[in-house]
Each structure stands twice: as structure tokens, then as C-alpha cells.
Amino acid sequence: MKQVKITGRTAIKIAFLSFSAFILFGIGIHFLGFRVAIRFSPEMTKEMGGVITRKEMDEVEAHYRENLQALQKQIPHIESKINSLKELKEQFSELSTPTTGKKPAPM
């Protein structure tokens, strides 16, 4: 009868190998299951993994393009508001700075 000594190092090797085997097995099942789900049940795949079709992707991109164009149309209006606010700021800063070198206007 042959004796096998189980040391701490051997236990760690066995644990690491079994852990690696389970991880690889899980990854394989995950990708195989996902591939089967895509082929036989696309609706379930959409719900589980967030996969969308090309048509849906085009619709989403078109929606984002419309939003971008709407925002780009607002840029000139926003720039004019910024310019008017800058002018107001300059006017207020002129009013708030003391006039030490200026002569008062005659009344």
C-alpha cells in the first residue's frame, strides 16, 4: 500500500487547480449559454445582457443626433446671453469702482 502525504503545499495546489477548473468551466458555460440564448431567444438575451440590434442602435443614434442638433441650435442664443451678462458685469464694475482721479460732473 502506497502512502500519500498531504502537506499544506499539496492542499494549496489542489485548491488552486479546483478553483481554476471551476472558473474556466463557469466562463465556458456563460459564453456557450449566451451564444445559445442569442440564437434561440434574442428577447431573453436583450433582457439579460443589454444586447440590442443594429436597427435599435441606429434609432438610438438618430435620437442622440436630434438632441445634439437641438443643442447646437441653442448655442448662438446662449452666447448672446453670455455677452449681455458680460456687458452688465462691466457696467456694474464701473459703477462700483471709486472714481479717485475723475472730476465730478457739473450739475
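Helices here are DSSP runs of H or I with at least four residues, strands are runs of E with at least two, and both are numbered from the N terminus. This is a predicted model, in which local features need pLDDT of at least 70, side-chain atom pairs count only at pLDDT 80 or more, and totals for chains, interfaces and linings use all residues. Residues are numbered from 1 along each chain as its sequence is written, and side-chain values use heavy atoms, without hydrogens and water.

Colour by pLDDT, the predictor's confidence in each residue, from 0 to 100. The chain has a mean of 84, with 88% of its residues at 70 or more. Confidence is lowest in helix α2 (residues 42–49), at a mean of 69, and highest in α3, at 93.

Next select α3, residues 54–96. Zoom in on isoleucine 75, where α3 bends by about 35°, with proline 76 following within four residues. The bend is the angle between axes fitted to the seven residues ending at a residue and the seven starting there.

Now go to phenylalanine 19 in helix α1 (residues 8–40). Phenylalanine 19 counts as exposed because its relative accessibility is 53% (exposed is over 50%, buried under 20%, partly exposed in between; 1.4 Å probe, protein chains only).

Finish by showing the whole chain again: buried residues make up 2% of its 107 residues.

Technical notes. The expected span of a helix is 1.5 Å times one less than its number of residues.
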